[in-house]
Amino acid sequence: MRLGKFYRRHLRYPLWRLTHPFTRYEAYYAWVVTQKLKRGRKHPAIGPHAYAARGEREMIDVLLRHGLQPQQVVVDYGCGSLRLARPLVEFLAPGKFWGLDLAQDFLDAGLVHLGPALHGEKRPNLRVIDDAGLAAAKTARPDVIAAWHVLGKVPDQIFEDFFRNIVGLMHPGTRAYLQFEDTPTRRQLHGLAWSIPRQMLLDTLARIDPGLRVTIHEIKHNRHRGIRYVYAEVGY
Ligand SMILES: C[S@@+](CC[C@H](N)C(=O)[O-])C[C@H]1O[C@@H](n2cnc3c(N)ncnc32)[C@H](O)[C@@H]1O
């Protein structure tokens with residue numbers, strides 16, 4: 001393993017933890033990405049160089065297949081800098097889009113990505129994930145919650161809390177669509193990303209609320225890497 005890769009996988013987090021003993025893990029994720037952007041390095045998903053490798057319609061096309069309507073309230077949970085959100089903001093009626101993420105810097109970059117005309121016309125709600133942001137999004141009574149390329153960024157120590165936040169936004173009519181990389185056992189894919197065995201997700205959701213119904217839909221199976229690209233459809 002190269003030194004840089006070894007540092008990112010095994011040393012960076014324990015070293016950060018030493019100097020931030022009481023800070024939440026989410027701040028570590030935001031710090032790593034922000035440092036990278038500040039150094040002018042490209043991040044594939046966040047900031048000025050974000051690039052939608054599977055196309056920016058990747059998320060909205062799934063939601064449309066499940067019957068998304070313009071008047072529905074949609075939360076893009078872990079929206080980053082809105083790489084996959086623009087077609088959604090365009091499709092939805094004004095004020096119906098909610099983008100939630102860990103850092104205001106990412107949301108600000110999202111506004112640049114949308115541009116002032118679309119922002120002015122559709123007035124998306126962009127909020128940091130904290131008590132106030134979650135409460136505001138819950139009050140909007142989301143019909144749909146979508147999280148694309150987010151679940152894999154959640155390590156074991158905050159795994160259940162992450163899903164509690166999402167379930168906390170749901171009412172009996174909400175459908176959540178949660179994309180993840182499914183493997184038979186949990187695997188670290190890179191310094192900040194893990195696969196999720198589907199049973200781990202099913203068990204976690206059942207612990208949080210046994211009334212939830214979950215269906216796993218497969219998008220693609222990469223036999224070479226042993227990874228199924230899937231999303232969970234979650235509702236009551
Ligand atoms: C790879 S980016 C994807 C962003 C966006 N969904 C997209 O596809 O363009 C992962 C995003 O998940 C967010 N994220 C990471 N950990 C999270 C957590 N525990 N709760 C909520 N969001 C998180 C990050 O801040 C980041 O914006």
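Visitor: What makes β8 and β9 a hairpin, and how many residues lie between them?

Guide: β8 and β9 form a hairpin with four residues between them, and Gly226 in the turn has a positive phi of about 70°. The names come from DSSP runs numbered from the N terminus: strands are E runs of at least two residues, and helices are H or I runs of at least four. This is a predicted model, where local features need pLDDT of at least 70 and side-chain atom pairs count only at pLDDT 80 or more, while totals for chains, interfaces and linings use all residues. Residues are numbered from 1 along each chain as its sequence is written.

Visitor: How do you know that β8 and β9 pair?

Guide: Two strands pair if DSSP finds at least two bridges between them. Strand β8 (residues 213-222) and β9 have nine bridges in the antiparallel sense, so they meet that definition. Within this pairing, Glu218 stands opposite Val230 in β9.

Visitor: Which strand do seven bridges join to β9?

Guide: That is β5 (residues 175-182), which runs antiparallel to β9 (residues 227-235). Here Ala176 stands opposite Val234.

Visitor: Is Arg141 buried or exposed, and why?

Guide: A residue is buried if 20 or more other C-beta atoms lie within 10 Å of its own, exposed if 12 or fewer, and partly exposed in between, with C-beta atoms placed from the backbone. Arg141 has 12 other C-beta atoms within 10 Å, so Arg141 is exposed. Arg141 is found in the loop between α7 (131-139) and β4 (144-147). Its phi is positive, about 50°, although Arg141 is not a glycine.

Visitor: And why does His149 count as it does, buried or exposed?

Guide: His149 counts as buried because 21 C-beta neighbours lie inside 10 Å. His149 is in the loop between β4 and α8 (159-168), and its phi is also positive, near 60°, in a residue other than glycine.

Visitor: What makes a residue part of the shell around the ligand?

Guide: A residue is near a molecule if its C-beta atom, placed from the backbone, lies within 6 Å of it. Of the 20 residues around the ligand, Ala45, Gly78, Gly80, Arg83 and Lys153 come nearest.

Visitor: Which classes do the residues of that shell fall into?

Guide: The shell has 13 nonpolar, three polar and four charged residues. Ala, Val, Leu, Ile, Met, Phe, Trp, Tyr, Cys and Pro count as nonpolar, Asp, Glu, Lys and Arg as charged, and the others, Gly among them, as polar.
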